[in-house]
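Me: I am new to this structure and would like to understand how its descriptions are reached. Could we go through the terms one by one?

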Amino acid sequence: MKKEDYLSIAFILGECLVFCVLVFSFIWQKNQTFFLYETQEPEKKYIKWVDFNVSYEALDQAFHYDIDTWGQKVHLNWIELLAYLAARNGGDFSKSVEKEMKAVAEKLLNEETTIEELTKDLKYYDYYYEAYEAVLGGLVGEYEIQEKAENSEELIWVKKYGLKGYSPIAKGFEYSDYDDFGVSRSYGYKRTHLGHDMMGQVGTPIIAVESGYVEALGWNQYGGWRIGIRSFDNKRYYYYAHLRKNFPFNKMLEEGSIVQAGDVIGYMGRTGYSKTENTNNIDISHLHFGIQLIFDESQKEGNNEIWIDCYNLIRFLSKHRSETIKDPETKEWHRIYEIKDPEAESYKTQEKVPETESHKEQEKMPEEESTTV
């Protein structure tokens, strides 16, 4: 075979090799593109922010429509009423909405329309309903509570429908407050106040607003001794901070403990603003109370947290304060009238408390000090 023939064959083989490489590269790139599209998770859609501007008056009015119509042919759901008004007014409750709520309630009760008909063309109704349900969803419903029997000191269980959420301050203990959400804070770094301060006496019993499970318990340099309680639907995280030095918590609590709405969970103090545990660096004794909304677990920690202004909600809850009594031997305060929340009873049947990123190793508590209130 001539030299020219060898060169021709080599050239042809080279061309084939180049062609094969190009074809392989094309197929690989197509497969990679397909792989990326197929395996890339779709973006989660959930609420990223909530401004809870519902007035005390609107909360109170909607609540009474709800409980007054319970068991009737038309039951008015307070969250639906509030979401409807928010969608109609762009979330603005600064102007009077009592007349508007009364008018729509009468139409619904007279069966002139339904909430579905009223809201079908309201663009943001679904958003407001989901947002307000996240805030208020565990506060009204059916429950059982102990009451004194007529003409007797005997306690009996009574089934009720109504407000099963409580004020975070026990009944009979004075406190003062104002709407301080968003004011500046400087300890550690410049930031805004994402909670509500309630000033009172050291040792004042602190109450679980809603039934839930203890997600955090221990020391935080900003909040001092603090408790974090998660609602059973995982949408709300209640934060109670600056609890009492040496005696901050109900001794029976640990991470994972189930608490019922109205239980005594801790005691007011002024701890915090220190990396050293059990330090009083707060000038005025008070409870820092906060509510965080969680629509996706990625919002629990970090820059995407949603904390709401709960001043008007605290005003509303002040009508329902847990009665407590002190045990002279243990120095603990306990509720007088026990409650059975169906949400808590249902949760107790589950195998274990859900694991979340915010579960942390429980901090060791210091020795107890004598307490007087």
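This is a predicted model: local features need pLDDT of at least 70, side-chain atom pairs count only at pLDDT 80 or more; totals for chains, interfaces and linings use all residues.

Me: What is the mean pLDDT of the protein?

Reply: On pLDDT, the predictor's confidence in each residue from 0 to 100, the protein has a mean of 86, and 81% of its residues reach 70 or more. Over residues 26-39, however, pLDDT stays under 50, and the model has 0 contacts beyond four places in sequence there, a contact being heavy atoms within 4.5 Å.

Me: Why is H3 called largely enclosed by the rest of the structure?

Reply: Buried means under 20% relative accessible area, with exposed over 50% and partly exposed in between (1.4 Å probe, protein chains only). Because 10 of the 12 residues of H3 are buried, H3 is largely enclosed, and its cover includes helix H2 (56-68) and strand S1 (140-148). Helices (H or I, at least four residues) and strands (E, at least two) are DSSP runs, numbered from the N terminus.

Me: What makes S8 and S9 a pair?

Reply: Two strands pair if DSSP finds at least two bridges between them, and S8 and strand S9 (residues 224-231) have 8, in the antiparallel sense. Within this pairing, Tyr-213 stands opposite Arg-230 in S9, and the two strands form a hairpin with 3 residues between them.

How values were computed
Residues are numbered from 1 along each chain as its sequence is written. Side-chain values use heavy atoms; hydrogens and water are left out.
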